[in-house]
Amino acid sequence: MKFVNELSKSQKKRLYRITIAAVLEIALAFIPLGNQPVLRFVLYLIPYLIAGYDILIEAFEGIRNHQVFDECFLMAVATLGAMALGDYAEAVAVMVFYQIGELFQDVAVGKSRRSISELMDIRPDYANLEQDGDVTRVDPDEVEVGSVIVVRPGEKVPIDGLIVEGTSSVNTSALTGESLPRDVKEGDELLSGTVNMSGVLRVQTTKEFEESTASKILDLVESASDHKARSEQFITKFARVYTPAVCYSALALAILGPAISILAGVADPSMETVSQWVYRALTFLVISCPCAIVVSIPLSFFGGLGAASRQGVLIKGSNFMETLADVKVVVLDKTGTITKGNFEVTDVHENQRPKEELLELAALAEGHSTHPIALSIRRAWQKSVSGAAADAAAPAPDLQRVTRVEEISGKGVVARIDDKEDVALGNLRLMEHLGIDCKPCESIGTIIYIAVDGHYEGHFVIADEIKPEAKEAVEDLKKVGVKKTVMLTGDVQSVADAVAEEVGVTEVCAGLLPADKVTKVEELLKTDGSEAGGHSSLAFVGDGINDAPVLTRADLGIAMGALGSDAAIEAADVVLMDDDPRSIAKAIRIARKCIRIVYENIIFAIGVKFLCLILGAVGIANMWLAIFADVGVMVICVLNAVRMLK
Amino acid sequence: MSSGKDDEMKKTYKIDVDCANCANKMELAAQKTDGVKSVVVNFMTLKMKVEFEEGADPAAVMAEVLRNCKKVESDCEIFI
């Protein structure tokens, strides 16, 4: 009896009541009581009260609070009415099945709540705070920024920080779904929610607990279902109208039914006619409860959001689930989504000055920048001086030598170095902007030109690696029904075309300034996105660096590999925790399945209920069918909804 | 959680309620309470997020919200 042991106390009590009442009901069906009406009534009253006493009490409370459309009140009226008509077995059955439905719903909802909280089991319970040489276990909330905490093997990292001592491998699967452990050492950033696997780590915290990755993700997942979807709002409104409408119809059926049929002469003016119509009205009351539909919708979304987060896809609201399911156009920012964003200087074409000097000047000019291109130039310079791969010990450019830096958005930088030379570093547009004569390079890659005091001195060829999964990711998108994949980039056309051909996107827009990306997305929104009408939406996928405005402008903003970047998590509607572009199609697939289940449930539940109402009104459906329309439909809808968690 | 002032006017409460429709009824009842600017009741997470009108006293408003919710669903609970 594993099933029974998992139940809570109140659920067990309900189960026992259901069992006893059901056994009595079945036993009574075999006892011939036809000629003893009083005994029959008394005997049926026992299982009726066992199964439904709490409903009768609540119904009474409902009357006191003037809540006539309370479902307990409706059940009470329906069953008491059936008792009055002498349909004792039906009355007991309605109560028993109603309770079965309640129990089933309670267990299913409880199970999905538990499975989601297990899924997101990244909440750290404590932190080992180091103070004056002592280590004490404290509430992570109390740890101040800059404190040193100790993370032992097997423990969850409670707060984001930098490793000050120790090496280990950490398991990031709770955050990224990536099962391969990652090696970390002194100086590395450590995100909360990861699990330390081998060595003891001393970590200096860089954030408060509330602001740390684990807390943020939990908050995001937990509040996602607060943002209700359109279909959910529709059902809430529907339920508000449905119950009163069915109840008034029941009343009309009970009064007008016999009146009209007697006046029209189709029925005799007898008690039998009246009770026949009252019985039909009572079946209406049994069907009037909207709970089946109402519970299955949030349950489906909850399951969908949970299934997505298990795959490393954080969807920030049930409403975005709908948008995601409608995605027909995916706009991808090249760098960081299709390519790794690991730029490397592959070639230096010099004019008169030696390569080393050009690299040094470039490294100085870009010294303040954190742009991936700037980083690649600095790495190349480090390599040229130290002759080895860049690491923490490599020299940094002496930024004292840089006296003035001017950044020209989308073009490059102009910096004054050693107070004598003006170094201009950037793309072809920068050279044109400054009126510097240079010959465009034909190599495939990002070309960064360098000019000193207005004279062209050479250029760097910088290449980015295409992610190995990118091609499959674009194919997957086509498979899930995305009609158009558009790649946006600030790069030159030749590089963009080469990348586009390799991964197979349908459209390319090259040479875009950051602001152009917003304009381009706005254009696409009008032709293919939500503004074009119909059920189609446009998703923009970026790495969250510098593309917050585009993420916000698109129908759906997807930030990729955005862990640790607060701005991206803030601006996006969907956050992909790993940087695998195949997750985009995965997310769409999950959303489609979730929305399909939601619509199946809405159509099935409303359909069966209306069918039973019609059949009940003309006298074909009896109380038993009404019970199916209520409890049976709910059980089927809930079972359909929990498919999402599988 | 952008600023302290924001936090004062938005609060999350744990609730207990049996059915999804009852949760929706609670939301409607809470929404109609004076001093409540907006409210979301989440049946799956059993939480009620309330945004209060400016100058409202959350404690007093919540007592009234609980009273109103009890009227529509007698066996509901809000852990204030």
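The following questions and answers concern a predicted model.

Residues are numbered from 1 along each chain as its sequence is written, and chains are lettered from A and ligands numbered from 1 in the order in which they are written. In this predicted model local features need pLDDT of at least 70 and side-chain atom pairs count only at pLDDT 80 or more, while totals for chains, interfaces and linings use all residues.

Me: What is the radius of gyration of chain A, and why is chain A described as more spread out than a compact globule?
Reply: The radius of gyration is taken over C-alpha atoms, and the globule rule is 2.2 Å times the number of residues to the power 0.38. For the 646 residues of chain A the rule gives 26 Å, and the chain's value is well over that, so chain A is more spread out than a compact globule. Its C-alpha trace spans about 115 × 65 × 40 Å along the principal axes. The radius of gyration is 34 Å.

Me: Is A:S537 buried or exposed?
Reply: A:S537 is found in strand β20 (residues 537-542) of chain A; helices (H or I, at least four residues) and strands (E, at least two) are DSSP runs, numbered from the N terminus. Its contacts (C-beta atoms, placed from the backbone, within 7 Å) beyond four places in sequence include A:T323, A:D326 and A:L556. Because 23 other C-beta atoms lie within 10 Å, A:S537 is buried.

Me: Is A:K439 buried or exposed?
Reply: A:K439 lies in the loop between α15 (428-434) and β16 (446-452) of chain A. The C-alpha atoms of A:K439 and A:C594 are separated by 55 Å. Because A:K439 has 10 other C-beta atoms within 10 Å, this residue is exposed.

Me: Which residue in β18(A) is the bridge partner of A:D333?
Reply: Two strands pair if DSSP finds at least two bridges between them. Strand β11 (residues 327-333) and β18(A) pair in the parallel sense over five bridges. In β18 (residues 484-488), four of the five residues are buried. The partner of A:D333 is A:L488.

Me: What is the handedness of the β-α-β crossover from β18(A) to β19(A)?
Reply: The two strands run parallel and are joined by three bridges. A crossover is right-handed if, with the strands pointing away from the viewer, the path from the first strand over the helix to the second runs clockwise. Here the chain passes through helix α17 (residues 493-503), and the crossover is right-handed.

Me: Which helix supplies the largest share of the side of chain A that touches chain B?
Reply: The contact takes 19 residues from chain A and 15 residues from chain B. Helices α3 (37-64), α5 (88-119), α8 (230-263) and α10 (291-310) of chain A each supply at least two residues of that side. The largest share, six residues, comes from α10(A).

Notes: Two residues are in contact if their C-beta atoms, placed from the backbone, lie within 7 Å. A residue is buried if 20 or more other C-beta atoms lie within 10 Å of its own, exposed if 12 or fewer, and partly exposed in between; C-beta atoms are placed from the backbone.
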